[in-house]
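Trainee: Could we go through this structure together? I would like to begin with its pockets.

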Amino acid sequence: MRNISEVQIPRGRELQQNGTKKSWDFMRTHDSVSVLIFNTTSHCFILVKQFRPAVYMCEWEKHTPQSPEDKVKEGEEKEESEESHGDPPTAAAGVTYELCAGLVDKPDLSLEEIARQEILEECGYDVPVSKLRKITSYRSGVGVTGSKQTMFYAEVSDDNCVGEGGGEPQEGELIEVVKVPLQESMNFAFDESLPKTMGVLFSFMWFHSNMAPKYKISTNV
């Protein structure tokens with residue numbers, strides 16, 4: 001078995017892996033923060049819903065004819081099909097459930113301060129930085145960006161709610177705040193009909209492993 005350490009990376013975008021030259025594309029992006037928010041007054045998680053163009057396009061392509069490249073078979077183009085592929089999906093097909101999150105694009109602020117701002121802007125809760133607990137950090141989008149995301153946990157109460165949230169309209173954000181009852185959270189997490197990010201799945205499982213005893217709940221799905 002060859003060792004991964006045999007990868008050699010010279011200048012540019014080419015590398016040698018097991019003696020084979022390879023090239024790759026990547027996208028430079030900011031690191032990010034995400035926050036699992038739990039409301040201790042109503043015993044529910046606070047998530048957000050957003051429209052994600054990439055998710056919508058994946059669904060849209062299922063309802064559209066193949067591209068010209070896909071229509072080439074054995075060097076000959078297929079005839080254009082006049083058959084209908086159905087109506088395109090509604091915008092709801094591109095909506096996903098996510099943790100409150102944001103980019104690390106303010107060098108003068110700590111990760112905790114950026115997370116605090118995102119909680120206020122997206123979900124409407126004013127949480128002191130001292131109340132944020134770091135869960136872990138990990139690499140997200142390893143195939144394209146390789147950026148790092150740091151996940152926090154924050155407990156809030158109705159007393160912390162100072163606004164409706166929804167994000168910053170001037171930045172093009174359109175966010176809906178969603179409440180997921182604690183007792184329904186694991187069923188929600190594994191319901192494949194509800195499109196969600198891996199962060200939601202991981203953080204819910206983390207909560208049930210680390211915080212469930214405090215709230216005396218069952219971890220059974």
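This is a predicted model: local features need pLDDT of at least 70, side-chain atom pairs count only at pLDDT 80 or more; totals for chains, interfaces and linings use all residues.

Trainee: What volume does the largest pocket have?

Mentor: Its volume is about 1100 Å³.

Trainee: And how many residues line the largest pocket, and which lie nearest its centre?

Mentor: The lining of the largest pocket consists of 34 residues, and nearest the centre lie Arg52, Glu98, Ala101, Leu103 and Gln149. The elements that contribute two or more residues to that lining are E3, E4, E7, strand E8 (100-103), helix H3 (111-123), strand E9 (132-140), E10 and H5. H3 supplies the largest share of the lining, 4 residues.

Trainee: You named Glu98 and Arg52 together. What do they form?

Mentor: Glu98 and Arg52 form a salt bridge, with their closest N and O atoms 2.8 Å apart. This pair joins distant parts of the chain: Glu98 belongs to strand E7 (residues 95-98), whereas Arg52 sits in the loop between E4 and helix H1 (53-61), and 46 residues separate them.

Trainee: Is Glu98 buried or exposed?

Mentor: Glu98 is buried, because its relative accessible area is 7%, below the 20% cut-off.

Trainee: How many salt bridges does a search of the whole structure find?

Mentor: The search finds 4 salt bridges. One of them joins the side chains of Glu176 and Lys49, at 3.9 Å from N to O. This pair also links distant parts of the chain, with Glu176 in strand E11 (residues 176-181) and Lys49 in strand E4 (residues 44-51), 127 residues apart. Glu176 is partly exposed, with a relative accessible area of 43%.

Trainee: And which residue does Asp105 pair with?

Mentor: Asp105 forms a salt bridge with Lys106, and the closest N and O atoms are 3.4 Å apart. Asp105 is partly exposed at 38% relative accessible area, and Lys106 is also partly exposed, at 29%.

Trainee: Back to pockets, then. Which residues line the second largest pocket?

Mentor: Its lining includes both Lys49 and Glu176, together with Gln50, Phe51, Ala92, Val95, Tyr97, Leu174, Ile175, Ser193, Leu194 and Pro195. The salt bridge between Glu176 and Lys49 therefore joins two residues of this lining, both of them charged under the classes used here. The volume of the second largest pocket is about 180 Å³.

Trainee: How does that lining divide by class, and which element gives the most?

Mentor: The lining of the second largest pocket has 8 nonpolar, 2 polar and 2 charged residues. E4 gives the most, with 3 residues, while E4 and E7 each supply at least two.

Trainee: Let us change topic. How many residues does the largest nonpolar core have?

Mentor: It has 22 residues, and those with the most contacts inside it are Leu36, Phe45, Leu47, Tyr153, Phe204 and Phe207. Two or more residues come from each of strand E3 (32-39), E4, strand E10 (147-156), E11, helix H4 (185-189) and helix H5 (198-210). H5 gives the most, with 5 residues.

Trainee: Which residues is Leu36 in contact with?

Mentor: Setting aside neighbours within four places in sequence, Leu36 contacts Phe45, Leu99, Phe152, Tyr153, Ala154, Ser203, Phe204, Trp206 and Phe207.

Note on methods:
Residues are numbered from 1 along each chain as its sequence is written. Side-chain values use heavy atoms; hydrogens and water are left out. Buried means under 20% relative accessible area, exposed over 50%, partly exposed in between (1.4 Å probe, protein chains only). A nonpolar core is a set of buried Ala, Val, Leu, Ile, Met, Phe, Trp, Tyr and Cys residues joined through side-chain atoms within 4.5 Å. Contact means heavy atoms within 4.5 Å. On a 1 Å grid over the protein atoms alone, a cavity is a set of points where a 1.4 Å probe fits but cannot get out, and a pocket is an open set with protein on both sides within 12 Å along at least five of seven lines; lining residues have an atom within 4 Å of a point. Grid points are joined across faces, edges and corners, and a volume is the space filled by probe spheres set on the points.
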